[in-house]
Amino acid sequence: MSGHLGSDVADRSLAGGGARRIDWAARDMRVLARIAERFGREQPLRGVRIAACLHVTAETANLVRTLAAGGADVVLVASNPLSTQDDVAAALVERHGIRVLARRGEDRETYYGHISTAVDHAPHITMDDGADLIGVLHGTRRDGIAHVIGGTEDTATGIIRLRALHASDGLAFPVFAVNGADTTRMFDTRYGAGQSVVDGLLRATNVLIAGRRALVAGYGGTGRGVAERLRGLGALVSVAEVDALRALEAVMDGFDVRPLADAARECDVFVTATGDVGVIREEHFAVMRDGALIANAGHFDVEIDLAALRSMSTAVRTARPHVQEYRLADGRTVCVLAEGRVLNLGVAEGHPAAVMDVAGACQALLVEHLLRHEGRLEPGVHAVPSDVDREIASVKLQTLGVTIDELSDTQRAYLDSWAQGT
């Protein structure tokens, strides 16, 4: 299949390597493969235009291929300048005829230019990871809203933005919170982020984790997964939280919970996973140990106050690829990984394919759900329907060769009755 002329990728000659990477990921994406097979037969997305602002990885490529198999006309742009795999982008264009506008390391102007081009596609469905596409649609490109039926948002940070948007100006269409699905929350955040963030930390630094003191800021799904994996490698892990329930959960899970200001004096490794701004700030840099490593597992590069760190520094150098070393006035150094951007995609390859299989399946089924319920969903952020969650979990178990019990008629009748007591 010839490449798409409307694409903008770094190097189309990389397509061969990208195709092999996509195929390798597909081996562990069996739920999505079953959906793609059905989509190919039924063509439920025929004639539907989709604008997808997602991480351009091998796993995303298999999601996009599934949508195209269902008849969709897809345009794919990056949701993070450092997450694009250029060989995958080339393969999607050259081998699969998908229009892709994404280059690893693209500047801000190029990044938003690509998103604007995706709006020019006049999408019926939007797919976001961070809500940048929907942000543009509700900001400078409101002309693109007219055709939109609905959308999906993959990450917790994006959901925060969308709820704030709906509370102020109002979302113009319904958006499903993929990250809130039970299957996605369990696989994507806890297991996927837990492994891939630590993978990024090791690739960037090659440090020994065992025996080091680590601080995880935020004990949501991502923070919980990162804390568990760091502890599994022998780190002494502390957790910082602002939510009493999550802090209590961290305590009951056996973690040391303390304010970030206290932990800043003692820890060697810091990972933010909050989705908020200015989590690690000047007062924390001021007391950190020499050689402290700081990384971000949240979606945007706002959790670490890099402007404050630069103002405190007398020199900055690249100590290793993806490691910026800031030298402070008193001679201490503080190292920031992946420019403060999301570590598992800036340095590593993101969540494993087996994890993204579940998230991709959820997104594909939600696109179909949006089309089936066109005009019947109110604008705003919607929870993933329970039947979609159950279908994904059931198929995932089948692909793993796992069978489970079923309720008997007597058990089902008992659960449906209120009359039987002590």
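Predicted model: local features only at pLDDT ≥ 70, side-chain atom pairs only at ≥ 80, totals over all residues.
The protein chain contains 17 helices and 16 strands. Its C-alpha atoms occupy a box of roughly 70 × 65 × 45 Å along the principal axes. Of the 422 residues, 55% count as buried. The accessible surface of the protein chain amounts to about 18,700 Å², of which 49% is supplied by carbon and sulfur atoms. Among contacts between residues at least 6 apart in sequence, 73% join residues at least 24 apart.

Nonpolar side chains tend to be buried together in soluble globular proteins. In the present model, the largest nonpolar core comprises 54 residues. Those with the most contacts inside this core are Ile50, Leu67, Leu76, Val100, Ile125, Met127 and Val367. Helix H15 (residues 353-372) contributes the largest share of the core, with 12 residues. Another core, of 30 residues, lies apart from it and includes Ile209, Ala214, Cys335 and Val347. When neighbours within four places in sequence are left aside, Val100 is in contact with Ser7, Asp8, Val9, Leu76, Ala89, Leu92 and Val93.

Helix H5 (residues 108-120) has 13 residues and, at 1.5 Å a residue, should span 18 Å; its end C-alpha atoms are 18 Å apart, in agreement with that expectation. The buried residues of H5 are Tyr111, His114, Ile115, Thr117, Ala118 and Val119. An α-helix has 3.6 residues a turn, so residues three or four places apart point the same way. H5 is followed by Ala122, which has a positive phi, near 55°.

An open sheet is formed by 8 strands in the order S10-S9-S8-S11-S12-S15-S14-S13, and its pairing is mixed. Strand S10 (256-257) and strand S13 (313-320) are the edge strands, each pairing on one side only. Within this sheet, strand S8 (residues 213-217) and strand S9 (residues 236-240) run parallel and are joined by 5 bridges. Ala217 stands opposite Ala240 in S9.

Definitions and conventions
Residues numbered from 1 in each chain as written. Heavy atoms only, no water. Core = buried A, V, L, I, M, F, W, Y, C linked by side-chain atoms within 4.5 Å. Buried < 20%, exposed > 50% of the residue type's maximum accessible area, 1.4 Å probe, protein only. Helix = DSSP H or I, 4+ residues; strand = E, 2+ residues; numbered from the N terminus. Contact = heavy atoms within 4.5 Å. Expected span 1.5 Å × (residues − 1). Areas by Shrake-Rupley, 256 points an atom, 1.4 Å probe, with all protein chains shown as cover. Pairing = 2+ DSSP bridges.
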